[in-house]
Structures are given as C-alpha cells and as structure tokens.
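Morning, everyone. Let me put the model up, and then I'll walk through its charges and its overall build.

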Amino acid sequence: MDKIIIEGGNRLVGEVTASGAKNAVLPLMAASLLVDGWLTITNVPKLRDIETFKILLNHLGSDIETDPGNNILKIRTKDVASPEAPYELVKTMRASVLVLGPLVARFKRARVSLPGGCAIGARPIDLHLKGLKAMGAEIVIEHGYVTVTAEKLKGAKIYMDTITVTGTENLMLAAVHAEGTTILENCALEPEVVCLADALNAMGARITGAGTDTIKIEGVEKLNAVEIRVIPDRIEAGTFMVAAAMTRGNVLIKDCPYKSLDALNMKLREAGAEVIEEEGGVRVIGDWPIRSVDVKTHPHPGFPTDMQAQIMAMMTIANGLSVITETVFENRFMHVSELKRMGADITIDGKCAVVRGVKYLSGAPLMATDLRASASLILAGLVADGKTEVSRIYHLDRGYEKIEDKLRALGAKIDRVKA
Ligand code: UD1
C-alpha cells in the first residue's frame, strides 16, 4: 500500500487550483440513470470514489466513456441489466445509495445493499427510504439489501427529520419523474444539492428552491442528456486554505468557492490568517502565533463536518485552548489518537474535543482512518518537526486529487512511496 512521507517545516507559497467537487460529481453520475442519451460531465477529478461509482454504473448496464486528459466523463444508460448495487461496492462507498432514487424513478425497481455503519458513525438511510415510501414505493428489507419498487412514483410532501445531503439528493432524483408535485422540507442547503438541481433543470426537470430548506419538484415525463460542469470542491479548497494558514504561507487558491466557505473564512480570520477574495481565487496568508478558536460543525452554511479534522490539526499548534464540537456525525474524532502521537494535547469528551495548543508537533508514523482524517494528518505533517509517514492513504485517494503533487508545487517536502 502507498504511503505519504512528509518532511515538515516548509512554508507553502504559490498558487493551487481546486479540482471539481467529488460530492457534486457522484449525484450527477446517479442522475445519468434518468436519461437514455449521453450525459456529459466536465471538470471531473480523478478520484477513487468516482472510479467506484463508474464500476457501479457499469454493473448496472451503463456505457461510460472518459477523456481523463480533459476531465470529461460521458455516461449513457439505455437500459439496466439488473438494478442492483451490490454489497462489495456499497461497503466501500456509501454514496452508492444515490442510485436508489433514479433507478426506481426510471426502471421501477432498485435493490441496494444497506450501507450499515462506517468509521465516522452509524449513518442510516432511513430518511431516504421514508421519503420513497411517502412517494408510493414499496420497501422490503431482507438479506442486508433494500428492495424498492414502484410502478409510478407519486408526488408527496416529505419532511426530513434530520438534514441529510444524499437523502435530499436521492429524493430529488426520484421525484423528477414522479406524477405530480413533490415538496421536500428540511432539505440540505449544500452547494452540491444546488449543483444537482441546476443540472436536472438543464436536463428538463422543474425544480425550485434548491439552496433553501424547501425544494419543490414538479414531475416531468422525460429528461434530456446535456453537458454539465461540476462546481469546484469547497472541501479540497478549504483544506489548502488551512494548509496555507498553518504553515504561515501565502497561497492563492484558484477556483475557490469563496462564498460557500463563509464559516471557514471567518474561523481562519479569527485565528489570525488573512483571507482575501481576489480575481480568480482566494488568497490565504498565515501568521504565527495562530490564535485558538472554538468550532462547532453544522450542516451548510455552518462549519462543515468535512473540515473539522483539518481545523483541529491547525488548533493543535495554536496559542491557547480550542473546543471543537462535532454535531453531524457521532464518531468523527478518529484522527485525534494519531494527532496525539505527534505530541498534540487533545481530550475528547462526548461530542467535544478540547485542544490545548502545543509549541510544536513531532513527525511520526501515522495511520489514516478516513478521508478527512487523512487530510488532517497530512496538514499536521507539514508543520511537524521531522519526518511524518502516513499509511493507508487509499482513504485520501477517495477524495483528494494528486494532493502530494499540489502541495509539492507549493513548496512542501512531500512524496508518495509505493510499498
Ligand atoms: C454527505 C457527504 C459527506 C458529508 C456529509 C455531511 C456526499 C457524497 N457525502 O454525506 O462528505 O460529511 O454529507 O455534510 O455528499 N442521517 C440519518 N438518516 C438518514 C440519512 C442521514 O439519520 O437517512 C444522519 C446521518 O447519520 C448523519 C446526518 O444525518 O448524522 C447527516 O448525514 P448526511 O447528510 O446524510 O451525510 P451523507 O449524505 O451520507
């Protein structure tokens, strides 16, 4: 298995471009199941999760063409051989459940392995299923799989008890072909939900309200294949922003979705960094000492749970005490024990991590446990004294495109070694 090796201590300086957003590409790939022509998606990053989704679509019967040099993905689904997402694929990527809605909407049946828990929490899909049931689908759970069938989904008013990103997307994907109007309440406001709604509207759907807590979908009979450009990845961009701030760097992050990162921008400024919106991107200039800030994760536009591990890495070397509260997932502090091995002073109490800033971290061999935890360990390695070796980086490859190349171009001493 590959490892990342970092020699800490270098300031990051220069320019880096954010890739397309993984969490926007996956629902668009699911949306391709709704049309029988070629859906073209551009600005697609090269990531393991996207490869996994391609395998899933291939398994269902989709044709896929890629132009990796130009980050283009074309998908056509004339028919599905078997509308099933098998355990082997769902267990490696929970977002596989996004095929449920479109498969039922167009092919009247879907069978998807129940995702179960994962490293960061229980993560059920009960709200996806409740919504489909409200739209008239029959749901049967047996042998670890959920089978959803509906001759024709019907519009319904659906309130989601918890804000769920893929739940909102799945129900939107299902409702575009439903008979009548669907109203989704307590929706996720994430930019990736808006990207999906915009894409579906470009395909001929009638969706209003995406980006607010109430989304209205009027069912249509047919959608058309179009070309869609994926929005930039706010979490990847945010990770580079923290990297710049932590290393006392000066980095222009191009294609950075500044407005989607309001909560992070504020926290970085509170911590003493300059965050400047410039033509073509966002510049972050870090300064030491870093000031401790408290952070509480929330659904968008709150501070993203997907940035919690990275801001914690920054707080480990801040001046003072920081309380980081995770409210979205119940077990998302897997990076803490690894950061502590580098000398960080962190105490966990339920949903809160109390971080007392230390003078320096020391490089150590580390093990990545999930996607964003991996990013936090890389950030810690960038400022640590000596050598840090991060193993199990297949987690990182799920969601960061060539992170080592991008960081090296900014002046980091970082390499990937093939084991
Ligand atoms: C998405 C993102 C992920 C991000 C997360 C929260 C994708 C592919 N992934 O994951 O990167 O960390 O949003 O911003 O877009 N829940 C239920 N029942 C459900 C669905 C969710 O109780 O049916 C709970 C979850 O356990 C969790 C919370 O709702 O506590 C939010 O999860 P959700 O927004 O659904 O996360 P994902 O969509 O899986």
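Start with lysine 418. Its relative accessible area is 68%, so lysine 418 is exposed. The cut-offs: buried is under 20% relative accessible area, exposed is over 50%, partly exposed is in between, with a 1.4 Å probe and protein chains only. A word on the source: this is a predicted model, where local features need pLDDT of at least 70, side-chain atom pairs count only at pLDDT 80 or more, and totals for chains, interfaces and linings use all residues. Residues are numbered from 1 along each chain as its sequence is written, and side-chain values use heavy atoms, with hydrogens and water left out.

What does lysine 418 pair with? Its side chain meets that of aspartate 2 in a salt bridge, 3.3 Å from N to O. Lysine 418 sits in the segment after E24 and aspartate 2 in the segment before E1, so this pair ties together parts 416 residues apart in sequence. By salt bridge I mean a side-chain nitrogen of Lys or Arg within 4 Å of a carboxyl oxygen of Asp or Glu.

Aspartate 2 also has a salt bridge to arginine 416, at 3.2 Å, N to O. Aspartate 2 precedes strand E1 (3-7) and arginine 416 lies in strand E24 (residues 413-417), so here the parts tied together are 414 residues apart in sequence. Strands are DSSP runs of E, at least two residues; helices are runs of H or I, at least four; both are numbered from the N terminus.

Buried or exposed? Aspartate 2 counts as buried, at 19% relative accessibility. Arginine 416 is partly exposed, at 23%. Step back, and Asp2, Asp397, Glu404, Arg416 and Lys418 form a network of salt bridges.

Now a local pair. Glutamate 270 and lysine 267 make a salt bridge, 3.4 Å from N to O. Both are in helix H9 (residues 262-270), 3 residues apart, about one turn of the helix. Glutamate 270 is partly exposed at 38%. Lysine 267 is buried at 18%. The salt bridge count comes to 27.

Last, the whole protein. There are 14 helices and 24 strands. The C-alpha trace spans about 65 × 45 × 40 Å along its principal axes. Of the 419 residues, 55% count as buried. Take contacts, meaning heavy atoms within 4.5 Å. Among those with a separation of 6 or more, 73% join residues 24 or more positions apart.
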